[in-house]
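Please open the structure in a viewer and keep the sequence at hand for making selections.

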Amino acid sequence: MAQLRPSSPLIRIFLLFVLLPHSSLTTAQAIDVADWSALKQQARGQTVYFNAWGGEPRINSYLNWVAQTLEQRFDINLQHVKVADTGETVSKIVAERQAGNDTNGSIDLLWVNGENFAALKQNKLLFGPWAEEQPNFSLVNADRFPEMREDFTVPTDGLESPWTRSQLVFYHDSQWLVEPPQTIAAILDWSTSNPGEFTYPRPPAFLGSTFLKQAVLEISNNDPALFAPVTDDEFQRVTTALWDYLDALHPTLLRAGRYFPNSAAELRRLMGDGEISLALAFNPNEALLSVRTGELPDTVRTYVLQGGTIGNVSFLAIPYNAQHKAAAMITANFLLSIEAQARASDPNHMGSTTVISIEDLDASARQQFDSVSTDLAAASLEELSRKLQEPHPSWTPALERAWIQRYSAR
Amino acid sequence: MLRWASHSLIFLLAAPILLGTFIASLPAFGYFPPLGSSDFSVEAWRKLFDVPGLTRSVLISLISGVLTPLISLTLVFLYLASATGSKLDLWIRRLVSPLLSFPHAAAAFGLAFLIAPSGLFSRIISSGLTGWERPPDILIVNDTWGLSLLFGLIVKEVPFLLLMSLAALPQLQPRYRIEVARTLGYRPTIAWLKVIAPSLYPLVRLPVIAVIVFASATVDVALILGPTLPPTLSVRVLSWFNDPDLNLRFLAAAGSLLQLVVSLIAVAIWLVLEKLVGLLWRFWLAAGNRNTGESLAFVIGRGAMPTVLMVIAGSLLALLTNAFAGPWRFPSAAPSSWTIQHWANSLSDLSAPLFNTVLISVSSTLLALILVAATLESERQSGKGKSTVMWLLYLPLLIPQIVFLFGIIVLTEFAGWQANLSLVIFGHLLFVLPYVFLSFSEAYRQLDPRWTQVASTLGASQLKSFWQIRIPLLLAPILTALAIGMAISISLFLPTQLLGAGRITTITTEAVALTSGASRNLISVWAIVQLSLPIVGFMMALFIPKFIWRNRSGMIDTR
Amino acid sequence: MSNSVLDLKDVRLSLTGKQLLEIDCSVGPGEILTVMGPSGSGKSSLLAYIAGFLAPVFESSGSVLVNGVDICSLAAENRRIGLLFQDPLLFPHLSVAGNLRFAMLSNAKQKSQAISEGLNDIGLAGFDDRDPGTLSGGQASRIALLRLLLSGPNAVLLDEPFSKLDTQLREETRTLVFDKLRASGLPTILVTHDQADAEQAGGEIRTLL
C-alpha cells in the first residue's frame with residue numbers, strides 16, 4: 001500500500017513504463033546469522049518491505065522516523081507496507097510458496113503474532129532461527145520473561161523477535177462513570193442498568209476478538225481447554241455460557257447492538273463524542289495518548305479488570321523467501337534497541353509498551369522510559385502486572401466465526 | 001487508421017465488460033485453476049445461501065436500487081415542473097455541473113458527518129434546542145434498513161438526473177408545449193407533468209437504469225453510510241474477495257453473480273413500475289383536471305432542489321469544519337479552536353496517492369478523449385450518421401462494477417498477470433469513456449461544418465484541418481470533457497481497489513479505507529482533497545481558454 | 001496570372017429521385033458566370049458539388065473539368081477550388097496573418113512578405129496581427145478574399161458572398177472582388193439572387209428553375 005517515502009515522480013514514471021515489473025536485482029547471498037558485522041555489510045543498500053498494520057497514524061509516523069534513521073545509519077531503505085490485516089500478508093506468503101517463488105518474496109519483515117505466527121510456523125514459511133542472535137536480544141531478559149519466547153502458548157523457536165507488548169485495558173470517562181465495572185459479569189450488570197454506554201468493536205477486528213477471549217476466559221474461569229487446540233466439542237461446551245452472556249449484553253449496548261464500531265479508533269471517537277462512557281483498548285497508553293492530543297477529555301481513566309486481562313507480546317518475523325534478510329535482521333535489531341524502544345514508548349511518538357526489561361538497565365538508560373508512568377490517564381504498573389494468558393491461537397478464528405454466524409444478521 | 005481507432009473503441013467498451021461478466025461466473029461454478037480447482041460444482045452456491053443474513057442484504061440492495069431512482073426522478077420532475085424558467089432555475093442550472101463532480105465518497109462522508117448523532121447538525125441544535133448534553137443513542141448512519149444509504153444516494157443522483165433531463169429537454173420544445181397547455185387552462189406545474197414528463201421520461205430512461213444499477217450495487221457509499229449487520233450484498237462480496245482465505249473466492253464469484261441478478265431484478269421491477277405509472281398517467285391525462293395537486297406539486301418541486309443543495313452544502317460544511325477542527329466536544333456547535341495539524345499530519349501520506357490519482361485520471365481521460373475524437377472524426381468523414389455505439393457506451397454503467405471487474409481480475413489471474421498501473425488505467429478508461437463521449441460528442445458534431453469546408457477549399461488535408469482548425473476551435477469543450485473524465489476517474493473506488501489488488505492507492509481508496517478507523521478530522525482532510533481535484537480540473541477548463549484566447553474575441557463566445 | 005478554364009459538363013443533381021438542377025457550361029479565364037434562382041433551387045448544392053463536399057444524400061452525375069482534367073474523383077482539399085461563403089469565416093483563433101498563412105502552400109517562399117504585400121494591396125496594410133473578431137464586415141470580407149487568392153486556386157466559387165453586407169459596403173466589396181478575380185484570370189462562378197450582383201459580374205447569367 002502507501003509507501004513511506006515515495007520516490008520522485010520522474011523516477012516513478014521511468015520505473016512504471018520502462019522497467020519490467022519482474023526485475024530482480026538480488027542474488028542469493030549466504031546468510032550467517034551469527035556474523036553480525038557481515039550482516040550489516042550485506043544489508044547496505046537493501047530495501048526492506050515491512051508489512052505492518054497501517055491503521056494507526058502514530059505507528060506510521062514512528063516508522064517514518066525509523067526509516068530515516070535506518071537510512072542515515074545503515075543505508076537501509078525501509079518501506080512500510082500498510083496492511084489492514086496481518087492475515088493478508090500470510091496469504092501472500094502462502095500464495096508465493098504455491099507459485100514456487102522461494103527466493104523473491106515481496107515481503108522482508110512482518111509484524112505478527114498469535115494465530116498468524118502459528119500458521120506461518122506450522123507451514124515452515126519463516127526464515128530462521130535468527131532472533132536470539134541479535135545483539136539487542138539480551139535486553140528483553142527472556143529468562144525472566146518467558147513470554148518473549150512464546151507466542152500465544154506456541155514457542156517462537158527464535159523465528160521471531162519481540163517488538164511491542166500489549167495488554168487489554170478498559171478506560172472510562174469519569175465525568176459520566178465514576179466507579180467502572182471490575183469484571184466481565186459486572187460489565188453486564190452495569191450495562192443493563194445503563195444502556196447505550198458501552199460497546200466493543202465488531203469481530204474479526206482484533207480488539208473485538210480480544211474482548212471475546214477475555215470474556216470467555218473469565219466466564220469459563222480459565223477453562224484449561226482454552227489453552228489447547230480447539231475441538232468442536234470443547235468449543236460447544238466452553239462457549240455456551242459466552243453466548244448466553246452476549247445475548248444478554250448486546251441489547252444493552254450502544255445502538256442496542258445493531259451497530260458495532262469497526263475499530264479501536266472508532267471506539268475512541270465514540271467516547272470522545274460522549275456517546276459511550278466505557279471502552280477498551282489493546283494499548284495501555286491509548287487513552288493517555290488520546291487525552292494529550294485532545295481526542296479524549298482529560299477526565300478519562302484507564303484501568304485493568306480485577307482478575308487480570310489478556311496481555312501479549314507481538315513480534316517481527318522474516319519470511320523464508322525474503323529477498324533482503326540481512327537488512328530485515330538489522331531493522332529488527334534496531335527496533336529492539338534502547339533508543340528505538342524508548343522513543344516508541346514515548347507518548348509523543350508511538351506510546352507503545354516496551355519489551356525491554358527496564359529494571360535491568362542502568363539509571364541513565366532507564367530515564368529514557370520515564371515519560372509515562374505518572375500520568376493520571378494511564379493505568380498503574382501494578383494494575384498492568386495482572387495478566388492473563390492468551391488462549392491457544394486456534395480459538396481465535398473459531399470464536400470470530402461463531403460470533404459472525406450468530407450476530408451478523410439481527 | 002481512423003477506422004481502426006473507432007473500431008477499437010467499440011471493442012474496448014464491450015469486450016472486457018462482457019467477457020468479464022462471463023468469466024466472473026466461472027469460479028462460481030467451481031472453475032478456478034489458480035486455486036487448483038477445475039471441476040464443476042455448486043458448492044459455492046450452497047455456501048452462499050448458508051451465509052447468515054443474506055436475504056436481508058439482498059433486500060436492502062434491491063430496495064435501494066428501486067427507491068433511489070424513484071424518489072430522485074420524482075423530485076427532479078417535480079422541480080422541473082414547478083421551477084422551469086424561474087430565477088431559482090437559473091441558479092440551479094449553473095450549480096448542477098460542478099455538483100456532479102463532488103465524488104461519491106466525499107459526499108457520503110460529508111453526509112455522515114452531518115447527520116450522525118454526534119454530527120454537525122446535532123451539534124448545532126444541541127444543547128439549546130434539544131437539551132442534549134451527550135449525543136442521542138439513535139442509529140442514523142449505518143442504520144439497519146439502509147435509510148441513510150438511500151438518503152445519500154438520492155442526494156447524489158438528483159443532480160445527475162437533473163443534468164440528464166436538462167440535456168434532453170431542448171429537443172422537446174418545452175416552452176411551446178407548456179404555453180399551449182396553459183392556453184387550454186392547465187396550471188403550469190400540472191401542465192408540465194402532463195405534457196412534458198411523458199415525452200421526457202423515455203429520453204432519460206437509460207440514465208435512470210444506470211442509477212438503478214449503481215444504487216443496487218454500490219460499494220463505497222454502502223461502506224460509509226450503509227448497514228453493517230448485515231451489510232449490503234456488494235459490500236459482502238467485496239469482503240469475501242479481499243479475504244486472505246483464498247477459498248472464499250468461489251463464494252465471492254457466486255455472490256457477484258447474485259448481485260448481477262439482484263440488479264437485473266431491480267431493473268425489471270422498475271420496468272414494471274414504469275408500465276403501471278404509464279397506465280395511471282394516461283388515466284390522469286385523460287381525466288382532464290387542470291388544478292388538483294398543483295399546489296402540492298409546486299411546493300415539493302420548488303422545495304426539493306434547494307433542500308438537496310442545502311444538504312450538499314451542509315455536508316461540505318461538515319467536512320470543512322472537521323478538517324480544521326481542534327478539540328471539539330459535543331454539544332458545542334463549533335470547535336474550541338482551529339488547527340491545520342491534521343493537514344500537516346496527512347501531508348506525507350497524501351503524496352503517493354495524490355500522484356497516482358492524478359496520473360491515472362489524466363492518462364485514462366486523455367486516452368478516452370483520443371479514442372472519442374478519433375471515433376467522432378471517423379464518423380464525420382464517412383458521412384454516416386450516429387452509429388449504434390450509443391448503447392454500448394452505457395455498458396459499464398449498466399452492469400454492476402463488482403461483477404465484471406471481478407471477472408477481469410479472474411482473467412488476469414488465469415493469465416498470470418500482475419496487478420499494475422496499466423490495468424488500473426484501463427479499468428478507469430472503461431468508466432470514463434461514456435462520460436467523455438457524452439460531453440464531447442455534442443460539441444464536436446455541432447461544430448459548424450463550414451470551418452472544415454473552408455479549410456478544404458484552402459487546400460488543407462483532413463489531418464491538417466483536424467489539428468489546426470477543429471481541435472483549436474473545440475478547445476473549451478475538450479477541456480470540459482477532460483475535466484469531466486478526470487472527475488469520474490478521481491471518484492472511482494472499486495476499479496482501483498480491485499484491479500490494483502490494493503497495492504495501487506489513490507485518494508479515494510485511501511479515504512474509504514479510513515472509514516473503519518481514522519478520526520473524523522483525518523477523513524475530512526482526505527475527503528476535501530478528493531473533492532478539490534475535480535474543481536481544479538473545472539477551473540482549468542474555465543480559465544485556460546479565456547487565457548489562451550485573450551486576444552481572440554471571436555473565441556470567447558465559442559462554447 | 002492564371003489561365004484556367006472551368007467546365008461543367010452535364011452536371012445533374014437530384015434529391016430523393018427528383019431532379020434539382022441540370023447545368024452545362026464553360027467558364028474561361030477571368031470570366032464570371034452568374035447562377036441565379038430562388039431558394040431551394042440547389043444553387044449552393046451545385047457549389048458544394050464542385051468544391052467536393054456535397055452531402056451523400058444527394059445523387060449527382062456529370063463531370064467538372066479544370067483545364068480539361070476531371071476533378072470529381074479528387075478529394076476536396078486537392079481540387080484547388082476556392083470558395084467564398086456568405087460569412088467571411090475567418091478562423092477566429094488565428095490572427096489575420098495566421099489565416100493567410102494557413103492558406104498558403106507549404107513551399108511558398110517568403111510568406112510574410114507575400115502577406116504584407118497582399119494586405120497592402122487590399123488597403124489593409126499593417127493588419128497582420130489583428131484579431132479577426134475585431135474586424136468590420138467589410139474588412140473581414142476583403143481578408144477572406146485575400147486568403148482565398150493566396151491559396152492559389154484554379155477556379156473560384158462565390159456563394160452569395162455579399163448578401164450580409166449593407167448596400168454601400170456591398171458595392172465597394174463587390175467591385176473589389178470582381179476586379180481582383182478578373183485581374184487574376186481565374187474562372188469564377190457566382191451564385192446569387194441579387195440582380196445587381198449579376199449585372200456587375202458582367203458575364204453569362206444562368207437561371208435555375
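The tour below passes from a sheet to a chain contact and then to backbone geometry.

The model is predicted: local features need pLDDT of at least 70, side-chain atom pairs count only at pLDDT 80 or more, and totals for chains, interfaces and linings use all residues. Residues are numbered from 1 along each chain as its sequence is written, while chains are lettered from A and ligands numbered from 1 in the order in which they are written.

Select chain C: five strands form an open sheet with parallel pairing, in the order S6-S7-S8-S3-S9. Strands here are DSSP runs (E, at least two residues), as helices are (H or I, at least four), numbered from the N terminus; two strands pair if DSSP finds at least two bridges between them. S6 (81-84) and S9 (205-207) of chain C each have a single partner strand, so one side of each lacks a neighbour in the sheet.

Next, select S6(C) with S7 (residues 155-159) of chain C; four bridges join this parallel pair. Gly82(C) lies opposite Val156(C) of S7(C).

The contact (C-beta atoms, placed from the backbone, within 7 Å) involves 24 residues of chain C and 23 residues of chain B. S6(C) gives the most to the side of chain C that touches chain B, with three residues.

Move to Phe152(A), in the loop between S4 and S5 (154-155) of chain A. Its phi is positive, near 55 degrees. Is Phe152(A) buried or exposed? Phe152(A) is buried, with 24 other C-beta atoms within 10 Å (the cut-off is 20 or more; 12 or fewer is exposed, and partly exposed lies in between).

Finally, select Gly128(A) and Pro129(A), which a cis peptide bond joins, with omega about 10 degrees.

Note on methods
Two residues are in contact if their C-beta atoms, placed from the backbone, lie within 7 Å.
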